[in-house]
Amino acid sequence: MKNNLYIIGNWKMNKNPTETREFMKEFNKLYEENKNKINSNIFYGIAAPATNLAMLKITSNDCLVVAQNVNENESGSHTGEISINMVKSVGAGAVILGHSERRKMYNETSQKVSQKAQKVIEAGLIPIIAFGETFEEYKMGKTKEVIKKMIKESTKGVNLLQVILAYEPVWAIGTGKTPSLKEIQKICAYIRSITNPNVIIQYGGSVKPKNIGKLMNQKDINGALVGGASLDPKIFIKLLTLNK
Ligand code: PGA
């Protein structure tokens, strides 16, 4: 069997603690019912808004609790921010960093991502470092060049065996469009070749039950980062069974 697969839902700014509890109640039931269809090498997690992390921790069994962002400072005058130890204290084991929405709308630079990643690792959590090209860059054949720079800068000073890399073409996020399977595999193989043979590489961008099986079968893909399809327990479970 292939190495472990890490399937992580990214709820973005959706659901409150009550809705989180309802999700997990239904999801845990579906998980038990579908257990025989879920390969033993599949691990899952959910990146929820910070207000829901404690609820996720209490209500989930094997779910990796993931934060969607953190501040790199330990504490102090950073109104509106949340520290690594705060999310850790309510059960987070990983943090998404550099998601394209944060890079675009909230000015998260690759330099900032590397600073945060170092602190996240020091605290014993796993940074999930996201990067990807825009549609214009894809069309111009610049994908490799663009992501090489993003990876290099975002993982500066970081041990690549302590992170998860999430390749997410910006134009595939929430659009229903994706590069071809062949293109995705090729880019993930490229990422491996410029980083570390044993690095964990997720693909993200319009991952759905209908394409997850083939994606997870690709040699250089070790998991998925999933937005829209992670919000409904009935659909999320189909990702974990690889739509079986
Ligand atoms: P999507 O989002 O699955 O809805 O395309 C992916 C992501 O933003 O991580």
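Student: Before we look at this predicted model, under what relative accessible area is a residue called buried?

Tutor: In this predicted model, a residue with over 50% relative accessible area is called exposed, and partly exposed covers the values in between. Buried therefore applies to a relative accessible area under 20%.

Student: Is phenylalanine 23 buried or exposed?

Tutor: The relative accessibility of phenylalanine 23 comes to 3%. Since buried means under 20%, phenylalanine 23 counts as buried.

Student: Which helices does the aromatic pair of phenylalanine 23 and phenylalanine 236 tie together?

Tutor: The count of aromatic pairs comes to 14. In the tilted pair formed by phenylalanine 23 and phenylalanine 236, the distance is 6.4 Å centre to centre, with 50° between the planes. Phenylalanine 23 belongs to residues 17-34 and phenylalanine 236, to residues 233-240, so the pair joins parts that are 213 residues apart in sequence, namely helix H1 and helix H10.

Student: What is the relative accessible area of phenylalanine 236?

Tutor: Phenylalanine 236 is classed as buried, a term that requires a value under 20%. For phenylalanine 236 the relative accessible area is 0%.

Student: Which residues do ring pairs link into a cluster with Phe23?

Tutor: Ring pairs join Phe23 into a cluster. One of its members, tryptophan 11, also has the charged end of lysine 15 over its ring, 5.3 Å from the ring centre. Besides Phe23, the cluster contains Trp11, Phe27, Tyr31, Tyr44 and Phe236.

Student: How many residues surround the ligand?

Tutor: By class, the shell around the ligand consists of 4 nonpolar, 7 polar and 2 charged residues. The closest are Lys12, His99, Glu168, Gly174 and Ser206, and the number of residues surrounding the ligand is 13.

Student: What percentage of the ligand's accessible area does the protein cover?

Tutor: An oxygen atom of the ligand lies 2.6 Å from an N or O atom in the side chain of glutamate 168. Polar backbone atoms also face ligand oxygen, with glycine 174 at 2.6 Å and serine 206 at 2.7 Å. Of the 280 Å² of accessible area that the ligand has on its own, the protein covers 97%.

Methods:
Residues are numbered from 1 along each chain as its sequence is written. This is a predicted model: local features need pLDDT of at least 70, side-chain atom pairs count only at pLDDT 80 or more; totals for chains, interfaces and linings use all residues. Side-chain values use heavy atoms; hydrogens and water are left out. A residue is near a molecule or strand if one of its heavy atoms lies within 4 Å of it. A polar contact is a pair of N or O atoms within 3.5 Å; within protein, one must be able to donate a hydrogen and the other to accept it, and residues adjacent in sequence count only if both atoms are side-chain atoms. Accessible areas come from the Shrake-Rupley method with a 1.4 Å probe; for residues, only the protein chains shown count as cover. Ala, Val, Leu, Ile, Met, Phe, Trp, Tyr, Cys and Pro count as nonpolar, Asp, Glu, Lys and Arg as charged, and the others, Gly among them, as polar. Rings of Phe, Tyr and Trp (its six-membered ring) pair if their centres lie within 6.5 Å; planes under 30 degrees apart count as stacked, over 60 as edge-to-face and the rest as tilted. Helices (H or I, at least four residues) and strands (E, at least two) are DSSP runs, numbered from the N terminus. Buried means under 20% relative accessible area, exposed over 50%, partly exposed in between (1.4 Å probe, protein chains only). A charge sits over a ring if NZ of Lys or CZ of Arg is within 6 Å of the ring centre and within 35 degrees of the ring normal.
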